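Here is a walk through one protein model, taken a region at a time. Have the sequence and the 3D view open as you read.

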Amino acid sequence: MAKKYYDDDADLSLLQNRKVAVIGYGSQGHAHSLSLRDSGVDVRIGLAEGSKSKVKAEAEGLRVVTVAEAAQEADLIMILVPDQYQAQVFSESIEPHLEEGNAIFFAHGFNIRYEFIKAPAGIDVAMVAPKGPGHVVRREFEAGRGVPALVAVEKDESGQAKDLALAYAKGVGGTRAGVIETTFTEETETDLFGEQAVLCGGASHLVQAGFEVLTEAGYQPEIAYFEVLHELKLIVDLMVEGGLAKQRWSISDTAEFGDYVSGPRVIDARVKENMQEVLKEVQDGTFAKRFMDDQAAGAPEFKKLREQEEAHPIEKTGRELRGMFSWLAESDDDYTEGTA
Ligand code: NAD
Ligand code: MG
Ligand code: MG
Ligand code: MG
Ligand code: MG
Ligand code: MG
């Protein structure tokens with residue numbers, strides 16, 4: 001069983017004695033900086049010149065400086081820019097300003113695990129990764145609760161790295177819910193595997209395949225959409241509330257029996273072997289290299305795949321049908337404005 005840490009295991013004063021820089025003001029960045037500020041921590045935000053996030057952060061009363069200035073001022077630097085830009089931001093604007101005894105923090109282990117970032121000697125390297133999207137992390141903090149978080153220490157040069165990570169987790173509300181210790185390797189490999197094989201890659205392609213089978217067999221796309229995509233949320237909500245058992249308890253006996261007899265025919269031994277191959281490419285760095293090489297070339301593969309997937313017929317059916325759900329209209333607008 002993983003050991004869990006709560007508020008009483010963390011000393012916020014360790015963080016209140018430090019100057020903290022949060023680099024980036026996106027999903028995680030806004031949540032961390034606002035909650036740390038509310039926890040009495042001295043925070044500044046580091047953003048690239050001309051960043052659109054500057055106005056938003058300043059409207060919240062936060063002080064915004066360049067990444068280099070933030071790194072210069074602070075002795076704990078949390079890097080919350082997208083994973084593919086972190087190494088460049090680090091080498092150009094953070095590393096030149098690091099001093100012995102400083103700490104660099106991450107919310108995901110990607111750049112450390114695959115060594116796109118190598119911390120110089122004398123610098124602590126730790127992770128505080130809330131297990132939820134930034135807006136939920138902030139909403140729960142404001143409600144007096146918290147989102148569970150993972151902490152990890154890659155390099156402990158000060159002898160304080162773990163206590164500092166726990167203090168940071170407390171500052172963003174994580175220890176209210178409970179914090180679990182992991183390693184950069186475990187967090188990175190399981191996160192990439194989970195999103196590729198199950199949550200994002202697995203679920204998206206399962207839905208597309210189901211839609212294709214029904215429409216190719218002559219069923220109406222609108223009906224297929226409801227049955228293989230729309231209702232997925234209802235099922236997932238039940239799983240999150242009470243595991244697979246609660247989901248199976250709630251559905252009809254017909255559906256439950258179908259789950260047992262047909263599920264293993266769809267997700268068969270070959271699927272598990274495919275998953276093991278995906279895991280191997282996560283572990284040996286093949287995936288990370290493919291992603292970063294493509295990004296370095298201007299993301300041609302990424303852009304081509306995104307375009308191809310957006311052209312799948314299920315998207316057209318979905319856009320038409322979601323208009324029937326008045327309460328979904330708002331989130332669709334958010335998505336098309338690109339703020340999701
Ligand atoms: P994001 O895309 O929401 O925000 C990125 C921020 O970085 C923006 O404010 C942007 O202005 C800024 N930025 C982009 N390029 C920059 C540059 N070159 N220099 C300076 N600033 C730049 O990012 P995110 O989703 O919050 O992800 C940040 C980190 O948190 C990643 O390591 C990610 O894996 C991790 N994480 C994210 C989530 C999540 O829910 N989104 C959850 C857990 C961990
Ligand atoms: Mg994850
Ligand atoms: Mg991830
Ligand atoms: Mg049904
Ligand atoms: Mg039942
Ligand atoms: Mg995105």
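Ala299 counts as partly exposed, with 14 C-beta neighbours inside 10 Å. (Buried takes 20 or more other C-beta atoms within 10 Å of a residue's own, exposed 12 or fewer, and partly exposed is in between, with C-beta atoms placed from the backbone.) Ala299 has a positive phi of about 60° although it isn't a glycine, and it sits in the loop between α16 and α17 (300–310). Helices (H or I, at least four residues) and strands (E, at least two) are DSSP runs, numbered from the N terminus.

Glu115 is another non-glycine with a positive phi of about 60°. Look for Glu115 in the loop between α6 and β7; it is exposed, with 10 other C-beta atoms within 10 Å.

## Ground rules

This is a predicted model, so to speak of local features takes pLDDT of at least 70 and side-chain atom pairs count only at pLDDT 80 or more, while totals for chains, interfaces and linings use all residues. Residues are numbered from 1 along each chain as its sequence is written, and chains are lettered from A and ligands numbered from 1 in the order in which they are written.

The unreviewed UniProt entry marks residues 2–182 as "domain: KARI N-terminal Rossmann". UniProt positions are given in the numbering used here, feature names are shortened, and annotations may be inferred rather than shown by experiment. The span is 39% helix and 23% strand, and its end C-alpha atoms lie 9 Å apart.

## Nonpolar cores

The largest nonpolar core has 60 residues, and Ile23, Ile77, Phe105, Ala126, Met127, Val151 and Ala165 touch the most other members. A core here is a set of buried Ala, Val, Leu, Ile, Met, Phe, Trp, Tyr and Cys residues joined through C-beta atoms within 7 Å. Helix α8 (residues 161–171) gives the most to this core, with 7 residues. Apart from it lies another core, of 5 residues, including Phe211, Ala224, Val228 and Ile314.

Asp191, Glu227 and Glu231 carry the UniProt annotation "binding site", from an unreviewed entry. They span 41 residues in sequence and the farthest two C-alpha atoms are 28.4 Å apart, so they don't all gather at one spot. Asp191 lies in helix α10 and is buried, with 20 other C-beta atoms within 10 Å.

Glu227 lies in helix α12 (residues 221–230) and is partly exposed, with 14 other C-beta atoms within 10 Å. The buried residues of α12 are Ala224, Tyr225 and Val228. Seen down the axis of α12, they fall within an arc of 105° (taken from the directions from the helix axis to the C-beta atoms), so they line one face of the helix.
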